[in-house]
Amino acid sequence: MRVPNSVVLPVGTHVDCCQEQEVAEKTHDIMARITAMLAERKSNLAHFIDNLEGSEEPKFYVDQWERLKEMESCTLTILNLVAVNCTDHHAIRKLEATILKHVRNEELFPEVVRVLPPVYRQVEAAIADIAGSEEAAEHGMMDLQYLLSKLSQHENLASLSRELLQDILRYLHRIGLIVWYEEIKHLESTVFLQPTFLITMFKLLVRHQLVQQLESIS
């Protein structure tokens, strides 16, 4: 809601736990709730803006007014909900195809066609080689400075700077190739070259009916 021109694809899981008619009903209900939520947000923003504009000293609230107007101008596109049975590999593939179809829609993403500098591809390929090498740990965690030193050993990346690497890592993080939590102080110097390891770890910690499974252990 706070990102300009954002696009959201709602995904409903656990389809395997529902009857076909129930899936249709829940899908309709979720989309109705989202529509109502957005309408309420728009109404609340308009109400807050009117209150500030109607105050006795509106000049004291310029910063708040500008922030609210900025939020009001943010367009939010909600795509049709996709219901998925996560136990079905074909259903996951279908979801992936749906996401790619939307991402390639230039009406939704006008800047989808963008030419990246060659060094981005070179670093991406080099990181893939490092992650797949025998010396890389299974968890894929690597110190940022050490990663830079490994990349610099490649002939065409000898002059790669830390600043440029950080820019490229932000891009690779956005597309999901690696994970880099630069905004978290304790993790800013760690790059996760194997995002699937994090997913596996989270699945062990956060899962459906975890409490019941733990209580069943004698």
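The protein has eight helices and six strands, where helices (H or I, at least four residues) and strands (E, at least two) are DSSP runs numbered from the N terminus. The model is a predicted one, in which local features need pLDDT of at least 70 and side-chain atom pairs count only at pLDDT 80 or more, while totals for chains, interfaces and linings use all residues. Residues are numbered from 1 along each chain as its sequence is written, and side-chain values use heavy atoms, with hydrogens and water left out.

Read from the N terminus, the order of elements is β-β-α-α-β-β-α-α-β-α-α-β-α-α. The radius of gyration, taken over C-alpha atoms, is 23 Å for the protein, well over the 17 Å that the globule rule gives for 218 residues, so the protein is more spread out than a compact globule. That rule is 2.2 Å times the number of residues to the power 0.38. The C-alpha trace spans about 65 × 55 × 40 Å along its principal axes.

The domain assignment, which is automatic or taken from a database, gives domain 1 (7–104) and domain 2 (118–201). A distance of 32 Å separates the C-alpha centres of domain 1 and domain 2. Among contacts (heavy atoms within 4.5 Å) between residues at least 6 apart in sequence, 59% join residues at least 24 apart.

Of the 218 residues, 25% are buried; here buried means under 20% relative accessible area, exposed means over 50%, and partly exposed lies in between (1.4 Å probe, protein chains only).

The interior comes next. A nonpolar core is a set of buried Ala, Val, Leu, Ile, Met, Phe, Trp, Tyr and Cys residues joined through side-chain atoms within 4.5 Å. The largest such core has 23 residues, and Val123, Ile127, Leu147, Leu151, Leu160, Leu169 and Leu193 touch the most other members. Helices α4 (118–132), α5 (144–152) and α6 (162–174) each supply at least two residues of this core, and α4 gives the most, with seven residues. With residues up to four places away in sequence not counted, Val123 touches Leu151, Leu157, Leu160, Leu165 and Ile168. Apart from this core lies another, of five residues, including Leu45, Ile49, Leu68 and Met71.

Leaving aside neighbours within four places in sequence, Lys150 is in contact with Ile130 and Glu135.

Side chains of opposite charge can pair when their charged atoms come close. Seven salt bridges are found in a search of the whole structure, each being a side-chain nitrogen of Lys or Arg within 4 Å of a carboxyl oxygen of Asp or Glu. Within helix α1 (residues 20–53), Arg33 and Asp29 sit four residues apart, about one turn of the helix, and their side chains meet in a salt bridge (2.8 Å, N to O). Arg33 counts as exposed at 57% relative accessibility, whereas Asp29, at 34%, counts as partly exposed.

In helix α3 (residues 89–103), Glu96 and Arg93 are three residues apart, again about one turn of the helix. The closest N and O atoms of their salt bridge are 3.0 Å apart. Both partners count as partly exposed, Glu96 at 39% relative accessibility and Arg93 at 46%.

Helix α4 holds another pair, Glu124 and Arg121, three residues apart and about one turn of the helix. Their salt bridge has its closest N and O atoms 3.3 Å apart. Glu124 is buried, with a relative accessible area of 16%, while Arg121 is exposed, with 54%.

Finally, helix α8 (residues 210–215) contains Leu214, which is exposed, with a relative accessible area of 53%. Leu214 and Glu107 are 107 residues apart along the chain, and their C-alpha atoms are separated by 48 Å.
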